[in-house]
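Hello,

Here is the structure I promised to pass on. Please open it first, then read my notes below.

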Amino acid sequence: GTLRINQEIVGDFQIMAEEKKATGKIKENELNFKTDIHAVLMGDSVLDTFYWLSDKRRDVRFELDRLLKEDNKNAKCTNLAVDESTIYNVLYGIQPNRGYVRSRAWNKLEPYPVDNAGFVRPLYLVRNLKDPTHVILSIGGNDARAAFASSFNLEGIYKRMMDQGIIDGFERLVTEVTKVVPNIILVIVYHPLVTSCPIFHM
């Protein structure tokens, strides 16, 4: 499952770039797949996948970085995603699970970019990156899961998400990210049964 998601994310990124090039939708001053792309991963375990893989080195960051470098050796992918993250965590920060931290060290992976307090603050970090061109964002699954834990009534779940500020938080996060990096790819792994949800009509 996790490996398949890795492959789909990487494949979709390549297809998107190739389709834009083929249809002539790339303007002279717009990024294409041959330019110095710097893709930044933000969000939850859909992107911070290493812990769930048999070969922990071949996570989304590794595979996307490898793919981008096939076309341009200067392209790169940076991971700011942290397993278990919620919308609040991407906005304000998260202290990574110690198990994930130890596993990264044991497998000789790049450590999470924590501050002096031990927190990863993705929005702050992306604002301070030198050259990000694309953000790939997967978030909201952990927020929605908490809402589903209390009810299976869709109207009740939607109201709960509204009352808890999940919808507003998502919209604010997307807005803040696009202020820094206008090219944002939203990864939605759950089919939206609530079709009127504003998240899916932004």
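D143 counts as buried, because its relative accessibility is 12%, under the 20% cut-off. Keep in mind that this is a predicted model. D143 lies in helix α6. What does D143 touch, apart from its neighbours within four places in sequence? It is in contact with T86, I87 and I166. Q164 is another residue to look at: 21 residues separate D143 and Q164 along the chain, and their C-alpha atoms are 9.5 Å apart.

Helix α6 covers residues 141-148 and packs with helix α7, residues 154-163. Their axes are 9 Å apart, at an angle of about 125°. The crossing of α6 past α7 is right-handed. From α6, the contact uses A144, A146, A147 and F148. From α7, it uses I157, R160 and M161. Sorted by class, that contact has six nonpolar residues, one charged residue and no polar ones.

Now strand β3, residues 134-138. Is β3 mostly covered or mostly open? Mostly covered: five of its five residues are buried. H134, I136 and S138 point one way, while V135 and L137 point the other way. Both groups are buried. In general, side chains in a regular strand alternate between the two faces of the sheet.

Which strands pair with β3? Strand β1, residues 38-43, is joined to β3 by five bridges, and the two run parallel.

Last, the whole chain. It has eight helices and four strands. From the N terminus, the order is α-β-α-β-α-α-α-β-α-α-α-β. The chain has 202 residues, and 41% of them are buried. For contacts with a separation of 6 or more, 74% are between residues 24 or more positions apart.

If you want a place to start, go to D143 in α6, then move on to the contact with α7.

Best wishes

Technical notes. Residues are numbered from 1 along each chain as its sequence is written. This is a predicted model: local features need pLDDT of at least 70, side-chain atom pairs count only at pLDDT 80 or more; totals for chains, interfaces and linings use all residues. Side-chain values use heavy atoms; hydrogens and water are left out. Buried means under 20% relative accessible area, exposed over 50%, partly exposed in between (1.4 Å probe, protein chains only). Two strands pair if DSSP finds at least two bridges between them. Axes are lines fitted to C-alpha atoms, for helices over the stretch in contact, and angles run from 0 to 180 degrees between N-to-C directions. A crossing is left-handed if the near helix is turned anticlockwise from the far one by less than a right angle, and right-handed if clockwise. Contact means heavy atoms within 4.5 Å. Ala, Val, Leu, Ile, Met, Phe, Trp, Tyr, Cys and Pro count as nonpolar, Asp, Glu, Lys and Arg as charged, and the others, Gly among them, as polar.
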